[in-house]
Amino acid sequence: MSASGDDRHLRVVHVGFHRDRLRRSPEELLRAWTTLTHAAESARTAGVSVEVIQAAHRDAVVVHNGITCHFAGRWTELVARAAAAEPDIAHVRGLSFPLQTRRLASALPDVSVVAQDHADRLPSWWRRPLHVSGLSVLSGVMCTALEQAEPFLTRGILPAETEVFELPPASSRFEPGNWRDARRATGVYGDPCLMWVGRLDENKDPLTVLDAVGRASLTLPDIHLWVCYTRSPLLALVKERIARDPRLADRVHLLGAVPHAEVEYLLRATDFLVLGSHHESCCFAVMEALACGVTPLVTDIPALRKLTGDGTVGGLFPPGDSAILARLITSFAQRNRTELHNRARAHFEEHLSFHALGRKLRSAYLALAAKR
């Protein structure tokens, strides 16, 4: 062990067991998985030494944004590289790899192992014994909101004594910009101008948001909604809903898939982010909106409640309740946009930025190291 409470000498490995189904190269993965090194970069701002160990389809070592990333094609090689780093803490991404997590812990007998929730679902009943056994090696678990760990704890999948740390898995590099310049560059408009960034599926619930926009248009005739999406199983329903409602036909604009870098400019041009999610592990769209100074109007679920500081920035509504969302949109449209913008960005800086996440990670790591 190299650390006994002095974070300046704390060494951590971030371990990812998920192997890319598209078999992309390590360099391609770093471009595609934009948040892969976020937690490591955040921890480094707080004086923690971090290396990333990631499963891949070929071995490689790549330095990305100052973080040394080891890519390993075999589990044995991945564990060996983690052990070679002589860490004080092993930080595993995800709760869905119980066997691999146990092997890692066996190779690091004097190291505290913590796992970060990555939208992990409860295992099927026939897989639960494997999860109970594999995850019993964990000293802690990290979730965006504390409530997200409760199903794993109450069902005995995580040991009752597992310490839960409340922090998101990543941050955002998006920054505010001049909204007039952004509107000219992107061509979006509206008063208010609403943005949707996310899949068009049942969980995200775009139909509730569309209904809310239709309701709000009765008092906000210049309202416009711009929709960025990738996976879209409900696209046909969304198009049908827009086409048959004259309140939506000229106010909702389906942009489709937008390159990640362009989302920043769209958000800069936006007044409010709207989402109808029923479940979220974190929701990077909300984080990126706050980074740009955009006020989120989103559902009252644990992760989004935490990201918005219990609604201290933005507004929260019950999932599926378009009437309350319509009232939120109408209410927030009357508020001072500059004040809302400044409050959203200040909240991001204090609670969600790389430095903020780094402080939380350092605190969690030190607490875990003290247990050994």
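# A walk through the model

Start by selecting Arg 23, which sits in the loop between strand E1 (11-16) and helix H1 (26-32). You are looking at a predicted model, so keep that in mind at every stop. Check the backbone of Arg 23: its phi is positive, about 60 degrees, although this residue is not a glycine. Most residues other than glycine have a negative phi.

**Step back for the whole view**

Now zoom out and show the cartoon. The protein has 15 helices and 14 strands. Its radius of gyration is 22 Å, close to the 21 Å that the globule rule gives for 372 residues, so the protein is as compact as a globular protein of that length.

**A cis peptide bond**

Next, select Asp 191 and Pro 192. Is the peptide bond between Asp 191 and Pro 192 cis or trans? The bond is cis, with omega near 5 degrees. Most peptide bonds are trans. Pro 192 belongs to the loop between H7 and strand E9 (193-197).

Which helix gives the most to the lining of the second largest pocket? That is H14, with four residues. Colour the lining by class and you will see six nonpolar, eight polar and five charged residues.

Two packed helices are described by the angle between their axes and the distance between the axes.

Begin with helix H11 (residues 284-291). The axes of H11 and H14 are 7 Å apart, and the helices pack at an angle of about 115 degrees. That angle makes H11 roughly perpendicular to H14. To see the contact, select Met 287, Leu 290 and Ala 291 on the H11 side, then Ala 344, Arg 345, His 347 and Phe 348 on the H14 side. By class, the contact of H11 with H14 has five nonpolar residues, one polar and one charged.

Now move on to helix H15 (residues 354-369). Its axis and that of H14 (residues 337-351) come within 5 Å and cross at roughly 30 degrees. H14 is therefore roughly parallel to H15. Select Glu 349, Glu 350 and His 351 in H14, which meet Ala 356, Arg 359 and Lys 360 in H15. In this contact of H14 with H15 there are one nonpolar, one polar and four charged residues.

**Last stop: a cavity**

Finish with a look inside. Select Trp 196, Leu 200, Pro 206, Val 209, Leu 210, Leu 225, Val 227 and Val 238, the residues that line the largest cavity. How much space lies in the largest cavity? There is about 30 Å³, and the count of cavities of 30 Å³ or more comes to one. Helix H8 (206-216) and strand E10 (224-228) each supply at least two residues of the lining. Of these contributors, H8 gives the most, with three residues. Colour the lining of the largest cavity by class: eight residues are nonpolar, with no polar and no charged ones.

How values were computed: Residues are numbered from 1 along each chain as its sequence is written. This is a predicted model: local features need pLDDT of at least 70, side-chain atom pairs count only at pLDDT 80 or more; totals for chains, interfaces and linings use all residues. Side-chain values use heavy atoms; hydrogens and water are left out. On a 1 Å grid over the protein atoms alone, a cavity is a set of points where a 1.4 Å probe fits but cannot get out, and a pocket is an open set with protein on both sides within 12 Å along at least five of seven lines; lining residues have an atom within 4 Å of a point. Grid points are joined across faces, edges and corners, and a volume is the space filled by probe spheres set on the points. Ala, Val, Leu, Ile, Met, Phe, Trp, Tyr, Cys and Pro count as nonpolar, Asp, Glu, Lys and Arg as charged, and the others, Gly among them, as polar. Axes are lines fitted to C-alpha atoms, for helices over the stretch in contact, and angles run from 0 to 180 degrees between N-to-C directions. Angles under 35 degrees count as roughly parallel, over 145 as roughly antiparallel, 65 to 115 as roughly perpendicular and the rest as oblique. Contact means heavy atoms within 4.5 Å. The radius of gyration is taken over C-alpha atoms; the globule rule is 2.2 Å times the number of residues to the power 0.38.
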